[in-house]
Amino acid sequence: MSRKERWIRGLIAAILVFAAGLFLNDTYASAAGDWKGAKKEIINGYKKYQTSVDVRKYNLNYAKEYTSLKNTMSQVVSETPSLFYAGTQFYVSRNKNTNQIVSITLGYKKDYIKADGSVRKTKIKSTKQKLDEAINQVLLSVLPSMSEVEKAMILHDSLVSSTAYTDNSSDESRTTPVGVFLKHKANCEGYSKAYAILMQRVGIPVKLVSSKKMLHMWNAVRIDKKWYHVDVTWDDPMNAKDKTDQYGRVMHENFLCSTARMQKLKHYDFNGPQAVSTKYDKRYWKNVKSSVFYTNGKWIYMTKKGIEQRDRLDKGTSTVLYNVTGDNLVQFDADNYYFIGYNSIFLYSYKTNSAKVVWKTTDVYSKNCTLDQIKFVNNKLYYRVYEKGKHISNKMTPKEDGTL
């Protein structure tokens, strides 16, 4: 999918959420009502699974402050990733004589509301538990010894490698962390909220950034007291032909960018923190097109030079462990990795620093096909070959030693 198509498709179904001007603008100075207080009340109402909240004490005027009402409701949904069950629609009850807002009826996503309008509390709690378990599983990859850059990188790569982009309007979870961590399908809003949760959990300050004209969302993170942009969605490439997720490919072009760099990468009309530091704009990882792995106390990744190793991601130099023209490095276990080379799948051993062919396309397909992508998930090695103008997907179960 082209970037332009992603912008257009990015948040079409959630346009009501973003049309209001969005988060990153907490200015209520022009409003007479206490909208900050009302916002906290609404969030608290959702957390208690209420269907409506009484807001009379906040002195909100429907006629004069309708824009503040829209902004506030948009912010509640967009700024609070934990409210995965909150819907975009809402209704107000007001005093017809004074236009004072009396109460706000809260909207819920259809999966979490019954036909009679009552909230499906048990399902929300069950989903929340599963979500927490999935998030904790992802966080196991983060170690206290890692720098902020390394934590941000490994969690960025985890989301990209485990999530496929979708903007199917029938799937309401696509805009939430549930889509990312449980269904592994999301749009840019889902990616951004999921990354925000992970950053918060590891203590890295994070904000959601959006562009109404792009219909797109990403993150800003603060590393060493300086802000940088991270667009996880755009670092998750799709196949141009069939618009499907690319197996095993993780881009880093949109990782830790200055505002100027993001503009060069075709991001526009957005607010958010001013990321003036260009420290990471031209770092080596911009050209790394597969995940960066941490194992045996070292960082492993693949470039055009081959398989490289670093002691730290954000400082020092790299060592080329294995010089090879390869692509699509994926991890089998702590010591072994697969990669594509010469239209074959290789198994690389970190322990012996050697690689061998474990599968050739000609074992199954014609010599005219191209081995394009691989990924290793749940003890299955998935691959895609490109033949006669289309992708063919298949999978294999490796033996205990990684051979096929």
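Is Thr-127 buried or exposed? In this predicted model, Thr-127 has a relative accessible area of 10%, so it counts as buried, because buried means under 20%.

A polar atom of the Thr-127 side chain lies 2.8 Å from the backbone oxygen of Lys-123. Setting aside residues up to four places away in sequence, Thr-127 touches Phe-84, Tyr-112, Val-178 and Leu-182.

The C-alpha atoms of Gly-45 and Leu-106 are 8.3 Å apart, although 61 residues separate the two along the chain. Leu-106 is also one of the contacts of Gly-45 beyond four places in sequence, together with Gln-50, Val-53 and Tyr-108.

Here are the two accessibility values side by side:

| Residue | Relative accessibility |
|---|---|
| Thr-127 | 10%, buried |
| Gly-45 | 0%, buried |

**The largest pocket**

Now for the open space. The largest pocket has a volume of about 1200 Å³. Its lining is made of 35 residues, and those nearest the centre are Ser-158, Ser-161, Ser-162, Phe-376 and Val-377. Elements giving two or more residues to this lining include H5, helix H6 (148-162) and strand S18 (370-377). Which element gives the most to the lining of the largest pocket? That is H6, with 6 residues. By residue type, the lining of the largest pocket divides into 18 nonpolar, 11 polar and 6 charged residues.

Key:
Residues are numbered from 1 along each chain as its sequence is written. This is a predicted model: local features need pLDDT of at least 70, side-chain atom pairs count only at pLDDT 80 or more; totals for chains, interfaces and linings use all residues. Side-chain values use heavy atoms; hydrogens and water are left out. Buried means under 20% relative accessible area, exposed over 50%, partly exposed in between (1.4 Å probe, protein chains only). A polar contact is a pair of N or O atoms within 3.5 Å; within protein, one must be able to donate a hydrogen and the other to accept it, and residues adjacent in sequence count only if both atoms are side-chain atoms. Contact means heavy atoms within 4.5 Å. On a 1 Å grid over the protein atoms alone, a cavity is a set of points where a 1.4 Å probe fits but cannot get out, and a pocket is an open set with protein on both sides within 12 Å along at least five of seven lines; lining residues have an atom within 4 Å of a point. Grid points are joined across faces, edges and corners, and a volume is the space filled by probe spheres set on the points. Helices (H or I, at least four residues) and strands (E, at least two) are DSSP runs, numbered from the N terminus. Ala, Val, Leu, Ile, Met, Phe, Trp, Tyr, Cys and Pro count as nonpolar, Asp, Glu, Lys and Arg as charged, and the others, Gly among them, as polar.
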